[in-house]
Structure formats: structure tokens, C-alpha cells
Amino acid sequence: MPLSELYDPGRGYLVNDTCIVEADVAVRRVVDYWSHDSKKETGFVGLKNQGATCYMNSLLQTLYHIPYFRKAVYHMPTTEIDNPSASIPLALQSLFYKLQYCDTSVATKELTKSFGWDTYDSFMQHDVQELNRVLCEKLEDKMKGTVVEGTIQKLFEGHHMNYLECINVDYKSARKESYYDLQLDVKGCKDIYASFDKYVEVERLEGDNKYHAEQYGLQDARKGVLFIDFPPVLQLQLKRFEYDFVRDTMVKINDRYEFPLELDLDRENGKYLSPDADRSVRNLYTLHSVLVHSGGVHGGHYYAYIRPTLSDKWFKFDDERVTKEDMKRALEEQYGGEEELPQTNPGFNNSPFKFTKYSNAYMLVYIRESDKEKIICNVDEKDIAEHLRIRLKKEQEEKELKKKEKAEAHLYTIIKVARDADLVEQIGKEIYFDLVDHDKVRNFRIQKQLSFNTFKEEVAKEFGIPVQLQRFWLWAKRQNHTYRPNRPLTPQEEAQSVGQLREVSNKANNAELKLFLEVAFGVDLRPIPPPEKIKEDILLFFKLYDPLKEELRYVGRLFVKGNSKPMENFEKLNEMAGFAPDEEIELFEEIKYDPHVMCERIDMKLSFRDSQLEDGDIICIQKSSQGQSSEECRYPTVPAFLDYVHNRQMVRFRSLEKAKEDEFSLELSKQNNYDEVVQSVARHLGLEDPSKIRLTPHNCYSQQPKPQPIKYRGAERLTDMLVHYNQISDILYYEVLDIPLPELQGLKTLKIAFHHATKDEVVIHTIRLPKQSTVGDVISDLKTKVELSHPDAELRLLEVFYHKIYKIFPLHEKIENINDQYWTLRAEEIPEEEKNLGALGRLIHVYHFMKDPAQNQVQVQNFGDPFFLAIHEGETLEEVKIRIQKKLRVSDEEFSKWKFAFLSLGRPEYLQDSDIVSSRFQKRDVYGAWEQYLGLEHSDNTPKRSYAANQNRHAYEKPVRIYN
């Protein structure tokens, strides 16, 4: 402030030579973001974000803090045998219970699984308004036939009346409709009341827009909406997102939009209410929650401001974090609009810097004052089913136990003990290679400082094997990535502590110790001391293969002398396999399985040592395969069977049209070539010609089909079809074509909209021609399929995008690179007048348009079907208008309302009837000629046509679906 202002008596700063300076000081406690304890600070907990589920979290918190709704969810019937991941009621009950009683943020994975969502859905941001409708509809359906049936309607359902009344005759009609939420305009409205005024605004139907009344014909009329009743809980969805026709994209409306703490919908003598409304009900509402969207049209973040008890205390629920907030933050700062930064140099005459606020209210929840005692009710444990309390308390105890174990993990070693019983249980059922899955054997959590002998006593208690009869072997990972028992523990090692032994045995430095427990049994099948092992002894493990049953199983282990030969041990091996003593057998050593199976025949005449066998090796036994034919068994030898097991792949096939649903599964081999895969699919579908099958691979990240299908023989093996970056899928999508795929790949398919010359109709034709064909070939083919105005009519092919013509295709252009996915291809007859333009005539673009009244600047929106018009030198607008009216067949009354303008780059320059039209247009065609056109300004009363090729152009989001 300049001193001259301070000394100026008129300013009032100095009184009796005294200047008083007041300072407001706000002291805030600095809280570390990560150490913030929501429960301790606010009494509430947040919800974990799965990736992009903030929109869902803000809605769930809002619904949870409507106690009447929460109580109804608790009262939905569920049982102890229900699975939360498959039951929406139980998953929601579980979530609400944890929000009510847990001390830390709550996960939502169970709930989203109950929706039928996969990982991709959790990383796809959706619209909170859409989720609100879908979830309420689903819950309404789940509540039917239960004690809480009708809860959704009682809370959220209101009714309005759509009415229409003729002005000059006695004709009225009215239709009652229900709603669960109201969509309010933001654009052009300063606050909620302005939106409601707009909602009930009366529309006049007159002129060409007259209403056709029964018995009275076309009549001037009024139509509108009035409210019969409002619900106890009023959900207001603010229309912050709109489609901008000029920019051809969705935009977010960040305009300032005010909403009150108290909303009076009885204002101005009940202007929003219908004559049938119950005026005794006071429609005074108080604000309960504000759901905020921060960001733009393609993404952003959602959070909610809620006052759970309708007191002055507001809380911000932002995923896991809950904080106390003041009313200004919850209301005024969420109005949106622009914010002004304070001036850095107040003494200078610079204008303040303004910026748009991208965080603003998106959904509001109000509760009626007269119903708040019923809605904000008490919800305690007696409202929760006993089985749910037991289940969730057990979950909490398990969580606490895991937390404790994690905190004490450094004090313990996990010892995983595999036994013969585990090998019998797993081999041939869960595993085929190696000996055991260590994650599925008994494990012991032992303190590191305890002696190994103490651990052996634990084993004796668990398995009933006396300590002196136990012998433990260490497992070792070999260079070929197999895991085998390597050597028995020495007495010195067993005298160590568990921690010391783990460090010696495990170089990977994790907290696990893997052991194999060797127990010997006498003839009476009682445990006996293990035999003494000398250097010459080799411990081998044996599997038995039955080619007829295609079965592999574990049959035991055996110590053999390294210098002995397999043929010398036939009797023992046959006994182990359950064969006759003199049965001819073959032996194979299972060496490795990754990346390829290596299983080699053992020479019976060589010693075990010469065959390079050592402790922990695996031998597969089978009866001699000599004389067995491939007709008797598909896999006559162990290597053939293991190769089959290693490569077999269950593939789930889905129709491309129903990409979420598994239709059938086939067992295939990873080594199957392209032809073998499609033959298998065709055989299952009962299709004679496999070449009509087209396959599309699966995207493991999006859980959707990949955009491009697999070309004919475009993948060498099944594995190539299933791989997606570093992941392997088990899903393929199929479609049955009307012609063989090799033939289709040589063709180009185009969808063309044919506009009839004399009839107001558009027919979509599918043209399929060789890729080397030209536009001329397309037109020739099209002529055989369409009705022409006369036999000699000539056609042309146009490229149209959002009501503008961008290109006339030359007849010689190849069709291979023409795209009909984003542009509409239009075919039409060439009018005779265009064929004889002469040197002074020219062809201009003519488009329909209207101005957008909501925009500050003049912006136009094109609509309808664009067309060409031949104009001649010296021709006035008045003359051109006569031809346009005739071409479009518009009535005199309607045509008199139309305005005509020359538009260049979207700016209209209105024309008078006496203006020479040709003088406004360039003499030659230049690139971008579509941006200079004759514009026909009028209202859009034409029926909307939808072209199949363009229906999804603006589907930016996958719609919210709850599948279960």
C-alpha cells in the first residue's frame, strides 16, 4: 500500500495518529501424510483404491453413511456357507461391517469380485453416476422377496408427471414416471434452483413442431414436467460432462454452480409441484454429501465430503484417507468456476490472474428434514447377522495373527517337510515332473535358536515317528532347475540350532528350510532305524507309468549300489511296481522338463554309476513297449507321455460376440500348429470347413480380445497364439466366417451408405472385393445391388465425417487403404446438372448448421446430410434458394425461416437474396474446401440416422456392468 493512501484521512486507516493492524493467525498442526491415522483423528476409516476405483469408493462411503441404507444391507439374508466373492449382499455386508468396526482402511476386492469384475475392471475408471444407478438396480433386485424388499424405493424413489395440454382445444395428457436420481443441467445455470427452474420449464409446440392430438390433428400445445413427490434421500446428478459438437469431443463443464446447505423445493408456492402433489409434506432438504470430480473428461480423481450425522462436522473421504474439513471446503470450494490468484504487485495496474478450477461437485445427496430421524438411525451389532459377526471376527483374528507372524518372522524359520506320503499324493495328480510341490507339504514354524533335535521332537509328535527313526535329507536345486534330495544331514549338523542349519543349507537367504524325511519300514510295516548309508549307496526315487491307462504314479524309493546294474535289481523293481518277478521292464531317467522334456532310456547293462545316476535321481518304470501299437495307446513310452503332459494346454474358447463368457474348453498341445488348432475348434462346433474359423488372441492386461485377429496360418504354434508379452493366456476368441479366411484376407470389406436420388432413404450395403480393386470396381458392384433413378445413372463415392464431405474418391483409387471404421462412406447418383457445369460453373459444399446459444463466442454445429450444389456465374442467392428448396423438398412455411450464410473456418457471413453466390467462393478447389461452404441455418428437426460403422465413435468408457 502506498504511504499516501495510509495518510489519507478519507481512507480511515489513521485515527488520532494511530493505525491499528490486525492479523489473523491460523496455527495448524503439521501431520505427516503417511502417518495419518484416520480412525484416531476422525473416528472413520477409508477404502483402499484398487487402481482406479476412487469413483466407487466415494459412492460406497456415501451409501454407508446413510444408516437406514446400511441397516437394510445388514438385514439382507445371507448364510455362513455363502462366499463373499460370489455374493453381492454378503460382500457389501462385510465391507460395511469393516468400515464400522475396523481400525484401518478396508479393501474392496471381495466386493468387486462379487460384481464379476476382473483386474482390468479395477483399473478402468467409470462414471460414479452410472455406477450408482447400476448398483441400486442390482440391490433392488437382490432385495426382492426378503424382509428389506422395497428399501431402495423407500429411500431414493420419487415421481414426476410429464404433461401435455393443447392451447386451442380441450385435450390433455399426463404420464407418471418414477426416478431414483435427477440429472440437473450445470451449463447455463448459476445454481440448483436455476436447474430446477429449467427442469420444469414449459416448452411450446407450435409452427412445424405442433403436436398431433387425437381427433384434433396438429395443434399448438404446451408440454413440461412437474413433480408429484420427492424422495426422503434426494440424489442430484450434476451434468458436468457434455458432448461438444464443434470440437467433436466430450468436454467437462467447470462453470461455477452453487448449491445450498438447505434446499427448499416448496419455494415460490410450490412452483415445482404438480396439482396432484401432497402439499402437506414439507420438501425442505439438508445437504448430506458432496461427491467431487477433480480432473478432465478423460480421467481424474473422485472423493467425497460427508457429514454423517448432519451436524456441523464435515469429513473428507479420499480413498484410504479420512480428514476433518470445514463447511467452506465442502460447499463453496466445490462450486467450480474460476479462482483468482492474489496480485503479486498490488501497486501496479496489472489484471489479476484467473484460473479454472477443475475440482467441483459432481453428485449431491440431500436428506429431507422431516425424515432425517428415520434415515440417520442407530446401527449396532444387533443389526448384523451372527454368522457375519463370527466370520468377520475370525477374519480379523487371522489378520492380526498374520500381522504378528510378519512382525516376528525374523525370529523364526519355516521348515517344510516332504515325506513319501506327499509324493504318493501329488505325483500323477497335481504334478508329473520332479517329486513334490513344497508349498503343499506340512510346514513347521520353529524359533531359530531352538536346536534341530527339538524340532525332531515336534516331528515325532506330528507324524508318530520316533526321533531315532527319522533321517532328514537336504534338497538341492540343480543346474537344470530341478529340485532333488541331495544328501542326509550329518550328526554334527543336527546338533546345530535351526537358524544355523538354515543358513548353511540355504544360500538364497530366505526364511525357509526344505527337508525330505526318510523313514524305513520293516516287514510288519512298522518304522525301523534307517539303513546305514555308505558312499557307494545311491538313493533313487521310482515312478511307474501305465501306457494303457496313461497314468503315472510314485511307487517308492530304493538304495542301490553304484557299481550294480539295473538288470541285477529287476526282482526288487518288479516287486515295487507290482509286477511278476520275471516281467520285462524298461527304465527311463527323468532328467529335466524345462524348457523341453529330457527323459532318456537307461542301459540295463551299464552300472548305475556309469549311467551317471546319483542321490535324488528319478527313474520311471514301465512294462516293455515292444509289440505295443500306437492304436493300443497314444503314448507308448514314458518320454512320449511326459512330452504330452508338458505341452498339453486347456484352452477356453469364447465367441468374439460374447467376449466375457467361456463357451467351451479344449485340451490341446502347445506344439499344435495353426491347422491343428482350427481343426479342433471346427470339430467341436460341427463345422466341415476349418478354414472358416478365425481366431483372435487375448490381451492379459485388458482382459479383452486383441484388436487384430490371427491371420490364416499367421501363428506357427498354439503357444504363439496364447503369449502376450511375458504372460501366457489360456483364452482364444473365435468367429465363424461366411467364406474361408484365406479368401477373406485377399478381400477388402467396405460398408457403404447409399443415398437414393429420389427417395428419402439410406441403405447400408456391404461390398467385398479383392484388395487390388479400385473405387470404380466398388461402384460397378454397388450398381448391381441398388435401385437407380434411371439405367444410365452414374455414381460417386464420398467420404463423410460429422456432416461434412471431405473427399470424392477418384475411380482409379485402390480400395485397400480406404477406412470405413471412422468415416462414413456414402454413395450417391451424380445429378445431371453437375455433369455440364461449363467453364464458369463450379461445385460448392452445402451444409446444414445451427448456432450454439450456450457458447460465448459464435460457434456453429453442423447436422444432417451435407451435399454438393452446382452454381453458375452471376447466379443470385434467390435463384440458388429455389433449387435448394426443390432438392430438399421443404415446405414454403418452413423454408421461409431458414437463413443462408457463407461460412469460412466456422464463421458465418449472412447473405442477402441479391448477393451473387459464386463471388464468395474460390475459383479453384483447394485442400480444405469443406471449410468453405454455403450454410443453411435452421433447427434440426430431421430424424436421426445411425450408421453402424460410427455407433461407438464416442464410447470413451466401457459401460459399468455388474455381472452377478
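1. Glutamate 590 and lysine 543 are both buried (buried: under 20% relative accessible area; exposed: over 50%; partly exposed: in between; 1.4 Å probe, protein chains only). Their side chains meet in a salt bridge, 2.8 Å from N to O (a side-chain nitrogen of Lys or Arg within 4 Å of a carboxyl oxygen of Asp or Glu). Glutamate 590 sits in strand E30 (residues 585-592) and lysine 543 in strand E28 (residues 537-546), 47 residues apart. Helices (H or I, at least four residues) and strands (E, at least two) are DSSP runs, numbered from the N terminus.

2. A word on the basis. This is a predicted model, in which local features need pLDDT of at least 70 and side-chain atom pairs count only at pLDDT 80 or more, while totals for chains, interfaces and linings use all residues. Residues are numbered from 1 along each chain as its sequence is written, and side-chain values use heavy atoms, with hydrogens and water left out.

3. The whole structure holds 62 salt bridges. One of them pairs aspartate 383 with lysine 71, with the closest N and O atoms 3.8 Å apart. Aspartate 383 lies in the loop between helix H13 (372-375) and helix H14 (386-407), whereas lysine 71 belongs to helix H4 (residues 67-74); the two are 312 residues apart. Aspartate 383 counts as buried, at 8% relative accessibility. Lysine 71 is partly exposed, at 25%.

4. Lysine 271 and aspartate 197 also form a salt bridge, at 3.0 Å from N to O. Lysine 271 is in the loop between helix H11 (267-270) and strand E14 (284-296), and aspartate 197 is in helix H10 (residues 192-199), so the bridge ties together parts 74 residues apart in sequence. Lysine 271 is partly exposed at 29% relative accessibility. Aspartate 197 is partly exposed too, at 28%.

5. Salt bridges also join up into a network. Its members are Asp434, Arg478, Arg484, Glu614 and Asp617.

6. Now the nonpolar cores (sets of buried Ala, Val, Leu, Ile, Met, Phe, Trp, Tyr and Cys residues joined through side-chain atoms within 4.5 Å). The largest has 57 residues, and Phe69, Phe96 and Phe156 have the most contacts inside it. Helix H5 (residues 88-101) gives the most to this core: eight residues.

7. Which residues does phenylalanine 156 touch? Leaving out residues up to four places away in sequence, they are Leu63, Ile66, Phe69, Cys136, Tyr179, Tyr180, Pro231, Val233 and Gln235. Contact here means heavy atoms within 4.5 Å.

8. A second, separate core has 40 residues. Among them are Val186, Phe230, Leu273 and Tyr366.
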